[in-house]
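Dear colleague,

I am handing over the structure below for your records. Please look through it first; my notes on what was found follow.

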Amino acid sequence: MASTMTYTGFLVIGVLADYLGTGRFLAGLLLAAVLARFPWIREGKLRIVGLLPKPVRRPFIVGLLALCFLHFLARGEYVSAAFAGFTTAFVLALPWLRRAVLDRISSSVFSFTGRQARQSTDDMVIDGEFREKKD
């Protein structure tokens, strides 16, 4: 997964450099400056600040990936388009995947410790209670 994301980043920087008419190094620096986040202490509280606000970051990244996907499809480079398409799908599905995995882990941990977990939204898990019958 890490190598797929790394290679897709390489492809995105290449497409961005092609559209801007610069080298990969300068395009990478520009993209890093736009997406960078830094710690900032204000009024005694630690905050993370960046050029793009939090609600804009994911749509910006998905837009860049979609641009690369369409760029590679137009040129007939299907392997590169597959990498960009897979990464786009992963970035779009990541919040759902994170929530599904976290719900499964928390439900198993809470049932093991005897505490009640929050209501599960997973319809594929059958919850049952078994009691031993004395003869």
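In which helix is the place of Thr 8? Thr 8 belongs to helix α1, which covers residues 2-20. Please bear in mind throughout that this is a predicted model.

Thr 8 has a relative accessibility of 2% and therefore counts as buried, since the cut-off for that class is under 20%. Its side chain reaches the backbone oxygen of Thr 4 at a distance of 2.8 Å. When neighbours within four places in sequence are left aside, Thr 8 is in contact with Leu 65, Phe 83, Ala 84 and Thr 87.

Ser 80 is found in helix α4, made up of residues 78-113. With a relative accessible area of 11%, Ser 80 is buried. Not counting residues up to four places away in sequence, Ser 80 touches Tyr 7, Leu 11 and Phe 72.

The next point concerns a pair of helices. Helix α2 (residues 24-35) packs with helix α3 (residues 54-75) at an angle of about 155°, and their axes are 11 Å apart. Angles over 145 degrees count as roughly antiparallel, and α2 and α3 are therefore roughly antiparallel to each other. Their crossing is right-handed. On the α2 side, Leu 31, Val 34 and Leu 35 take part, and they meet Phe 60, Ile 61 and Leu 64 of α3. Sorted by class, this contact of α2 with α3 has six nonpolar residues, with no polar and no charged ones.

Val 34, which has its place in α2, deserves a separate note. Is Val 34 buried or exposed? Its relative accessible area is 19%, and Val 34 is buried. Leaving aside neighbours within four places in sequence, Val 34 is in contact with Leu 51, Leu 52 and Phe 60. Val 34 and Arg 57 are 23 residues apart along the chain, and their C-alpha atoms are separated by 9.5 Å.

Finally, I turn to a loop. Where does Glu 43 lie? Glu 43 is in the loop between β1 (37-42) and β2 (45-50). The phi angle of Glu 43 is near 55°, a positive value in a residue other than glycine. Glu 43 has a relative accessibility of 72% and so counts as exposed, the cut-off for exposed being over 50%.

With kind regards

How values were computed: Residues numbered from 1 in each chain as written. Predicted model: local features only at pLDDT ≥ 70, side-chain atom pairs only at ≥ 80, totals over all residues. Heavy atoms only, no water. Axes fitted to C-alpha atoms, helices over the stretch in contact; angles between N-to-C directions. Helix = DSSP H or I, 4+ residues; strand = E, 2+ residues; numbered from the N terminus. Parallel < 35°, antiparallel > 145°, perpendicular 65-115°, else oblique. Left-handed = near helix turned anticlockwise from the far one by under 90°. Contact = heavy atoms within 4.5 Å. Nonpolar A, V, L, I, M, F, W, Y, C, P; charged D, E, K, R; others polar. Buried < 20%, exposed > 50% of the residue type's maximum accessible area, 1.4 Å probe, protein only. Polar contact = N/O pair within 3.5 Å; in protein donor to acceptor, adjacent residues only side chain to side chain.
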